[in-house]
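Visitor: Hi! I'm new to this one. Could you show it to me and walk me through the side chains?

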Amino acid sequence: MTVHLVKLCVGAEDISDLATWQAERLAEKKKRKEPQVLAHVTRMTPKRADELLAGGSLYWVMKGVIRCRQKLIGIEPFTDNEGIGRCRLVLDNEIVPTRRRERRPFQGWRYLEAKDAPPDVKKGDPEEEMPDEMRRDLEELGLL
């Protein structure tokens, strides 16, 4: 059974901010001749790793709204230079926009059952190009 993670994307205004930030990190790794792998480091290691790696994704929350996801392709526990246990969540490079779903603030990450995950926004979907404010207004009116 597949399960996902949901995580706050602190500092990103929108999906393009996240994409830019990740591209910069990959460019830095390339300069240092390190493997160009996208990973998000977190303090805790998910106990449901097998379910996450069975097609799970990391859903990013930006400004209180789930906006996109990235497929989880690895979970790597490690100990940092200070002896603190951490976990590297290895992500696919593709950022997939999702239907907006509001999410209250929380710390760390949370599991997200597959049945509760917002669907992807399809290519060519008018919602893909819609300004955030207009989309929010239409959702509040129950039109999206």
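Guide: Happy to! Rings of Phe, Tyr and Trp (its six-membered ring) pair if their centres lie within 6.5 Å; planes under 30 degrees apart count as stacked, over 60 as edge-to-face and the rest as tilted. This is a predicted model, where local features need pLDDT of at least 70 and side-chain atom pairs count only at pLDDT 80 or more, while totals for chains, interfaces and linings use all residues. Residues are numbered from 1 along each chain as its sequence is written, and side-chain values use heavy atoms, without hydrogens and water.

Visitor: Okay, how many aromatic pairs by that rule?

Guide: The count is 1 aromatic pair. The ring centres of Trp109 and Tyr111 are 5.1 Å apart with planes at 75°, so the pair is edge-to-face.

Visitor: Is Trp109 buried or exposed?

Guide: Trp109 is buried, at 13% relative accessible area. Buried means under 20%, exposed over 50%, partly exposed in between (1.4 Å probe, protein chains only). Tyr111, at 26%, counts as partly exposed.

Visitor: And which charged end sits over the ring of Tyr111?

Guide: That of Arg48, 4.9 Å from the ring centre. The rule wants NZ of Lys or CZ of Arg within 6 Å of the ring centre and within 35 degrees of the ring normal. Likewise, the charged end of Arg88 sits over the ring of Phe78, at 4.1 Å from its centre.

Visitor: New topic: what does Leu18 touch?

Guide: Leaving out residues up to four places away in sequence, Leu18 touches Cys9, Ala12, Trp60, Met62, Cys68, Gln70 and Ile95. Contact means heavy atoms within 4.5 Å.
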